[in-house]
Amino acid sequence: MKKSFAYLASLISASFAAKDTVANNVIEDQSIKMLDDDHIIISKLNHSVSNLLAAHRSHRSHSSHSSHRSSAGGGYSTPRTYTPPSTYTPPAKKADPLGQTARPMSSYPSVIKESDLVKSLTDKDKRKNIIMRMQLALQFEGLYSGPIDGVMGERTRNAVKAYKKQNGVTSDGVMDAETLNALGIKGF
Amino acid sequence: MSQTFIKLTKEKYSENLIRKSLYWLPKECPWTLDENDANWLITFHLGGGNCAEQLHKLLNDHILREELDKQTNLLRSEIILSALKKVQSDS
Amino acid sequence: MTLETPLNLPFLFRRIPKTNLTITSGYNGAFCLLEEESQIENLIRNNYERLPQDKLNELEAKSLISTQAEYALKASLHASSLATQIHRSLAKPSLFMIVPTLRCDHDCRYCQVSRAPINAEGKDLSENKIDNALSLIEAASGDDLKIEFQGGEPLLNFEFITEFIGKAKIKLQNKNVSYVICTTLTNLTTEIADFIKDENIQLSASIDGDADTHRHNRPSKYYDSFDLLQEKRKLLAEKNLDSKTSYIATVTRPSLGNAQELAEFFNSLSIDSIFIRPLTPLGFASSTARSIGYTADEYMDFYTEFLKEIIRINTQGTLFVDEMALIHLNRIFRPGSTQYVDMKSPAGLVLGSLIINYDGKVFGSDESRMLWEMTHSKELIIGDITLSSDLDFTHIAKTLKDSFLFALPGCSECAYQPYCGADPIHHLATQGDPIGNKSDSFFCNFQTLMYDLLFTMWHNSDDARKVFRSWLKL
Amino acid sequence: MAEAIRIDTAEVIDAHEWSGLYVFEKYNLPKTDIPLLPRLAKNTNKQNEYLILQPFSKKAIGSIHTLKQLDHFSPGDIIYIDGQHGKIRGILNKNANANTLLVTEQCDNFCKFCSQPPKTQNDIALYEKATLSILNYGRSDLIGISGGEPTLNQKAFSTFLKTLNSFHNTTPLHILTNGRGFSDKKFCNEVTEILAERFCLWGIPIYGFESQTHNTLVEADNAFIETVSGIRNLLGAGQAIEIRVVPVRDNLKDLPLIIDFVQSNLAQVAYISLMNMEPKGLARKNFNSLFVPQRDQNSALLEAIELAEVHSLNIRLFNYALCQLDESLHKYACKSISDWKNYYTDECNTCNKKTECGGMFTSADGRFLENPRAFK
């Protein structure tokens, strides 16, 4: 222990010598305390950060970000003007600034049939993935707080029901096309 | 070798103020401090020089420091103490 | 600045002598220079309307004053800066000095306690202590450290150095270690030069000035110390070790009148920096002190001329760094950045450096071991590698506790507090007390005048400011 | 000039019902333990036809047609089909110099020069899309997270990060935030604990050295104090901070004071970025009251940079065209304008510094264009 500098450090920062000298000419009136200990910090880069920072200093990738906010445009952006397609029918309520309206039933693609979809769900990996996609969507909707594990458990099922209720999706299934579609899940 | 005397009223100058100022006088200005009920009595043993002038400069600055302390000393101590506390709880 | 009248936050101030400048500084390391004598009064007496707007803005930006609304925030930022700075000062030491031998072939005027005759017995650190030394260093150091071989003249025990570095490569393989040898160069050989090159070791060599000055300060029984030094510098050049060598000059009384010549001379060596320092008023007899010593004011009169000449040389297009000035500039503009041992609060003693003496005893600083040689007071010892690789802080802790500048008489009200450091051993040695009377302290007077000079030049001289900026960019 | 099309945007027809996110090409079987996106792959038999493929099989469940080859995308890119507007956009693009995901358009600041003015509609789905994009993206290079204010919905923000963690994703993030949320120590601790294993750089704006200027520019009371407290708390948690300053008429002369403020109060920040205003969104609306020609910024920029260097603060310029900057500032200028939102004028094409220069914002057209001057 004698060898430990942490020990020495604590010994010194315990510095009563300093405290006394400082405290001396102070009216000990804690009622006028101005500083909240919670607002005092010690600034030391945590290890992973300081390492990567060293790397990033030379490596410009982070800094190649462009101006204030402009990088936002690098990703999705809301369509400025909205022109409904000919086949348009009102989307499910789910707001989606991606310009991706939840796909209206009437315009359901001809290339894929309900039956195909069902068939394509027999594979357990695909099923697991669809459930994950649902859980992820429901989680951000604030309806599901369980793990994203691709298991259709009680909590997931209830979350789906709740979502369908909220968004007026009338189909009776849990993983039928209409539901997935309303959740913005496609490609299955 | 003549001596120089300075008299300073106690109500205007605290002891702390007097001593802090004398502290910074150079070796060339050996002094002794006496007091009576009303005054501080400072004697410079080697007269001449500008010891008295230097002392008054120092006094003036320490009066300013006292005024600043009235405004900030509580916070000053809080800053130092909570900084030490923070470091201590951290190490 | 908002229309609302501001409040003062805790700050320190000092009127810089022989100027109209007043420096104000805060615990966050920020400073603001006031150009008129009346301004500090107006500031402290809250007559803000009498201060120029740009000053008020600067003071507010630097959190020396604040609006009501931001007051609590800025207080928390002050405390955070201070906590961060203290936290850093409490880190593990990064400088480890080792004295392979106390023997030396020079008889330097200002060095009497830290040398022994060239053939003296029992003044070498024996190789079989290396393992203990290394385990001590491994335990006491962080990821980055510097190991410095001191003396005596370390090259007189070169075997130790080679074996030490050989073993350190294994024992300290997970750390970034850099090596420095502080040497007179006079024992440099082709073999040693090659080793230094291969191991990428830095050299710190002493050169006190032109032939006469150097011979006067650093005489040797065995040869002309200046001529031999020049000869060895040729060898360094042949081996392309110039860039690996930095030069340090110690000033004695006879040089005080030759500031310009001295600067010119160092520049003529075509080196790109010089570390020029006053005597450590330690380790030589008071009789000697009269012939070579000086007061801080005398030294700084000299140094002011010296620095002006250096700046002139730089403005004429040669980059030539004054390391002493640069250390202080770093303290001013990058508080807490430099690990310079004399400049820490709490003191750099132990926390900044450790030194392993030729006899295996471990001290907290070079001055500590000198003081040990003079007084043999046990409190200075924090370990002994002939016994174990453990350290014992019981005695030193108290000294360190008393080395926070904000709590030290004389320092607590000084405007240079955020940039300066505590040197308890210096005051213990010169005044018999680790805290000491600052008005009578060479260390304090030297540092104070140094900062006076640099702040004044920064404010008043465009040339100086340009040059300082260029140094700070290095 | 005509509305510029970002280079990784392409026209598509008959894709309305296929709006959504896709992974481009990429035939190797992906990990099965993440929520996978469907794939968009070229139909090798048919010119300009692209097949919608299930994540797992090569089974096509649909197809779309483009006007030209999508050769600016690379396998593994994340793309978005915007059926309504007949566009395919790159979301995470290997060849982009900056990939940034927008996670919300809501904000509690209302910056006078915001290029992407805040909206109020519920856009929670953006977090889901961002999560999917990052998890399905093949690479681990730094990705920007932007808004709106990404931390405005604290629950969504931490859920977003937790979800990435739960799939052992460690993609480094550059998060653009106003930092105000982190003035709440509890939220700060919660987030930084989630981020313990992830490198994160926080881009946080400071537009003045005191409340008044800053709050006026972001049009929010108390913003300055909350932002600075937030930065303080993040630094206390060991996070890496980038201070972002947009020089405009109100704060140009204060740039050195802003540097002073940072050095005196937040000295441990990792970077300071001076970012020229983009004449887009609100900046276009408030242009006359905010705009300062780049050429007229030079002296203030130089003063700020010299000051920062004295304090060894790491400072850079973004979105400045080299021809508008003094020679002495060139080495601080980053070729920063995202490669899909800049352009070069005819003059630029004759300039021998074109390759080092970020060029002009596509939005800087007409009266917003500061006449370029070619280096020859």
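**Entry 1: C:Leu185.** I checked burial here, and C:Leu185 is buried, with 26 other C-beta atoms within 10 Å. The cut-off for buried is 20 or more, so the count of 26 puts C:Leu185 in that class. Bear in mind that this is a predicted model. I then looked at the backbone: C:Leu185 isn't a glycine, yet its phi is positive, about 70 degrees. Most residues other than glycine have a negative phi. I found C:Leu185 in the loop of chain C that runs between strand 8 (176-183) and helix 6 (190-198).

Entry 2: Is C:Val350 buried or exposed? It counts as buried, because 28 C-beta neighbours sit inside 10 Å. C:Val350 belongs to the loop between helix 12 and strand 13 of chain C. I also placed C:Pro346, which lies in the loop between helix 12 (323-333) and strand 13 (353-356). The peptide bond leading from C:Ser345 into C:Pro346 is cis, with omega near 0 degrees.

**Entry 3: a cis bond in chain D.** Most peptide bonds are trans. I noted that the one from D:Gly147 to D:Gly148 is cis, with omega near 10 degrees. Where is D:Gly148? I traced D:Gly148 to the loop joining strand 9 (143-146) and helix 2 (154-166) of chain D.

Entry 4: Two packed helices are described by the angle between their axes and the distance between the axes. Which residues make the contact? From helix 5 of chain A I listed A:Leu136, A:Ala137 and A:Phe140, and from helix 1 of chain D I listed D:Ala125, D:Tyr127, D:Glu128 and D:Thr131. Sorted by class, that contact has five nonpolar residues, one polar and one charged.

**Entry 5: domains of chain D.** I have chain D split into domain 1 (9-91) and domain 2 (100-368). Their centres, taken over C-alpha atoms, are separated by 32 Å. Ten residues of domain 1 of chain D contact nine of domain 2. I sorted the domain 1 side of that contact by class: eight nonpolar, one polar and one charged.

Key
Residues numbered from 1 in each chain as written. Chains lettered and ligands numbered in written order. Predicted model: local features only at pLDDT ≥ 70, side-chain atom pairs only at ≥ 80, totals over all residues. Contact = placed C-beta atoms within 7 Å. Helix = DSSP H or I, 4+ residues; strand = E, 2+ residues; numbered from the N terminus. Nonpolar A, V, L, I, M, F, W, Y, C, P; charged D, E, K, R; others polar. Buried ≥ 20, exposed ≤ 12 C-beta atoms within 10 Å, placed from the backbone. Domains from an automatic or database assignment.
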